[in-house]
Amino acid sequence: MYKEYVRKITRTASQGARSDERMMSDYVKIYREFEIKILATDKVGMIVVFRDLDSYTFEQVEPFLEDAAFFKFLFDHYGACKFKVNLYLEGTFIATKNFKIEEGPESGGSY
């Protein structure tokens with residue numbers, strides 16, 4: 001998610017995108033400062049509402065960075081649902097990903 005964000009904000013006609021090495025270097029300096037917010041999507045009529053479930057520090061979710069472990073974490077804590085996971089740095093929104101957990105960790109999830 002961070003890589004996508006960095007590419008978005010650094011693309012200019014004069015500079016171009018940062019190299020993968022430069023992005024990794026920047027990421028290593030700040031990744032432990034990220035805040036992760038987990039929201040559930042809920043369709044109300046024709047409107048999708050996002051319900052704030054929890055916020056976590058990077059250290060709290062670090063053991064679950066692989067997809068299968070993260071899907072299991074979501075299911076174990078919140079059950080089957082469509083999730084929106086937002087990444088913040090010092091209160092500033094960085095990126096978002098959507099996940100759908102249908103029937104438990106063995107079913108996997110999707111983006």
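Helices (H or I, at least four residues) and strands (E, at least two) are DSSP runs, numbered from the N terminus.

This is a predicted model: local features need pLDDT of at least 70, side-chain atom pairs count only at pLDDT 80 or more, and totals for chains, interfaces and linings use all residues. Residues are numbered from 1 along each chain as its sequence is written, and side-chain values use heavy atoms, with hydrogens and water left out.

Stay with α4. Its buried residues are Phe70, Phe71, Phe73 and Leu74. They cover an arc of only 155° around the axis, which puts them on the same side of α4. Buried means under 20% relative accessible area, exposed over 50%, and partly exposed in between (1.4 Å probe, protein chains only). The arc is that of the directions from the helix axis to the C-beta atoms. An α-helix has 3.6 residues a turn, so residues three or four places apart point the same way. Just after α4 comes glycine 79, with a positive phi of about 85°.

Helix α2, residues 20-30, also has a buried side. Met23, Asp26 and Ile30 are buried there. They cover an arc of only 65° around the axis, so they sit on the same side of α2. The face turned away from that side carries exposed Glu21 and Val28.

Now the core. The largest nonpolar core has 20 residues, and those touching the most other members are Phe34, Ile36, Ile38, Phe70, Phe73, Leu74 and Phe99. At least two core residues come from each of β1 (34-44), α3 (58-61), α4, β3 and β4. Such a core is a set of buried Ala, Val, Leu, Ile, Met, Phe, Trp, Tyr and Cys residues joined through side-chain atoms within 4.5 Å. In soluble globular proteins, nonpolar side chains tend to be buried together.

Isoleucine 38 shows how the parts meet. Leaving aside neighbours within four places in sequence, its contacts include Leu53, Tyr56, Phe70, Phe73, Leu74 and Phe83. Contact means heavy atoms within 4.5 Å.

Next come two strands. β3 (residues 81-89) and β4 (residues 92-101) run antiparallel, joined by 9 bridges. Strands pair if DSSP finds at least two bridges between them. Valine 85 has lysine 97 in β4 as its bridge partner. The hairpin has 2 residues between the strands. Glutamate 90 lies in this loop. Its phi is near 50°, a positive value in a residue other than glycine. Glutamate 90 is exposed because its relative accessible area is 68%.

Finally, look along β3. Asparagine 86 is in this strand. At 8% relative accessible area, asparagine 86 is buried. Its side chain makes a polar contact with the side chain of threonine 96 (2.6 Å). The side chain of tyrosine 88 makes another with the side chain of asparagine 86 (3.4 Å). A polar contact is a pair of N or O atoms within 3.5 Å; within protein, one must be able to donate a hydrogen and the other to accept it, and residues adjacent in sequence count only if both atoms are side-chain atoms.

Tyrosine 88 and isoleucine 36 are 52 residues apart in sequence, but 6.4 Å apart in space, C-alpha to C-alpha.
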